[in-house]
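Notebook open, structure loaded. I jot things down here in the order I looked them up.

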Amino acid sequence: MDFIGAYSSGNISYLLKGFLVTLEVAFISIILSFVIGSLLGIFRYAKIPVFSKIVAVLVEAIRNLPLILIIFFTYFALPEVGIKMGVMTAAIAALTIFESAMISEIVRSGLNSIEKGQIEASRSSGLNYVQTMWHIILPQALKRMIPPLVSQFISLLKDTSLAVIIALPELLHNAQGIYSGPRGGNQIIPIIIMVALMYFVVNYALSLLSRALEKRLDTTHKKGKGKNKFQGNNQEVLPSNLS
């Protein structure tokens, strides 16, 4: 195994270029899929007549397809009907379609986990449906959705490697270019170790971010409960003092 040759400045630079493409595709796909998936999840939760059922059918259909098939479809099939996309655009489109369906289920499950009584109480206090969702339901559901959302984002980052089949110049594609070269026979294991390390660093950082967000939200929630309890005790004590 040629570790010295594998970790030459040229190889490392080439891997980093591919890794930047991986991060760019993942970042754009995460933003788009989170927005689209959240909307789809809310639409399914709202149970809008006919529309929610159509969304449910589309989501279930996409969730039960392999991602690699969707990548093939966006890059090879869509041009047949006049929709041509570059390699990166096709990869982003495929990842966004697939991950939006996954995220929509996470959002819908998070919303369903909130007690229905809170919606009824909010509506009776004068808030309309949109205000109730935005100010009452979504903030609570988001806290419960953070772990599965981050897990899905990590999966998305790893799934970018599937775009190697359409020659997206991402990390794994560039790694193959190195160890498939004339002097790459002894560099396969060192290159794979470096690729694995790059994926691990980013994914582990996302996991740490998820834990930090959970702790912060949990601390804020506990402070709010403590404040409400303190106020409640004061309300109970004051009448007895006055009497």
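**Pockets**

I began with the largest pocket, where α2 (9-46) and α7 (129-159) each supply at least two lining residues. For helices I go by DSSP runs (H or I, at least four residues; strands are E, at least two), numbered from the N terminus. A pocket here is an open set of points on a 1 Å grid over the protein atoms alone, with protein on both sides within 12 Å along at least five of seven lines; a 1.4 Å probe fits at the points, and a lining residue has an atom within 4 Å of one.

This is a predicted model, in which local features need pLDDT of at least 70, side-chain atom pairs count only at pLDDT 80 or more, and totals for chains, interfaces and linings use all residues. Residues are numbered from 1 along each chain as its sequence is written, and side-chain values use heavy atoms, with hydrogens and water left out.

Which helix gives the most to the lining of the largest pocket? I found α7 there, with 8 residues. I noted a volume of about 330 Å³ for the largest pocket, a volume being the space filled by probe spheres set on grid points joined across faces, edges and corners. Its lining includes Phe 34, Ser 38 and Ile 42, as well as Val 107, Tyr 129, Trp 134 and Pro 139. I sorted the lining into 11 nonpolar, 1 polar and no charged residues. For that sorting, Ala, Val, Leu, Ile, Met, Phe, Trp, Tyr, Cys and Pro are nonpolar, Asp, Glu, Lys and Arg are charged, and the others, Gly among them, are polar.

The second largest pocket came next, with about 280 Å³ of space. Here α2, α7 and α9 (188-242) each supply at least two lining residues, and α7 has the largest share with 5. I count 11 nonpolar residues in this lining, no polar and no charged. Among them are Ile 30, Phe 153, Leu 206 and Leu 217. Phe 34 and Leu 142 are in this lining, and I had already met both in the lining of the largest pocket.

**Pro 139**

I went back to Pro 139, which sits in helix α7. My classes are buried under 20%, exposed over 50% and partly exposed in between, with a 1.4 Å probe and protein chains only. Leaving out residues up to four places away in sequence, Pro 139 touches Met 133 and Trp 134; a contact means heavy atoms within 4.5 Å. I also checked Leu 111, 28 residues from Pro 139 in sequence, and the C-alpha to C-alpha distance is 9.8 Å.

**Ser 52 and Lys 47**

Ser 52 belongs to helix α3 (residues 51-63) and is buried, with 8% relative accessible area. I traced its side chain to the backbone nitrogen of Lys 47, at 3.5 Å. Beyond neighbours within four places in sequence, Ser 52 contacts Phe 43, Arg 44, Ala 46 and Lys 47.

Lys 47 itself is in the loop between α2 and α3. Lys 47 counts as exposed, at 67% relative accessibility. Most residues other than glycine have a negative phi.

**Ala 167**

Where is the other positive phi that I noted? It belongs to Ala 167, with phi near 65°. I place Ala 167 in the loop between α7 and α8 (171-179), and I have it as partly exposed, with a relative accessible area of 45%.

**Val 21**

Val 21 is in helix α2 and counts as buried at 14% relative accessibility. Not counting residues up to four places away in sequence, Val 21 touches Met 88, Leu 168, Pro 169 and Glu 170. I looked up the Met 88 pair: 67 residues apart along the chain, with C-alpha atoms separated by 8.6 Å.

**Whole chain**

Last, the totals. I count 9 helices and 0 strands. Of the 243 residues, 34% are buried. Among contacts with a separation of 6 or more, 77% join residues 24 or more positions apart.

Technical notes. Polar contact = N/O pair within 3.5 Å; in protein donor to acceptor, adjacent residues only side chain to side chain.
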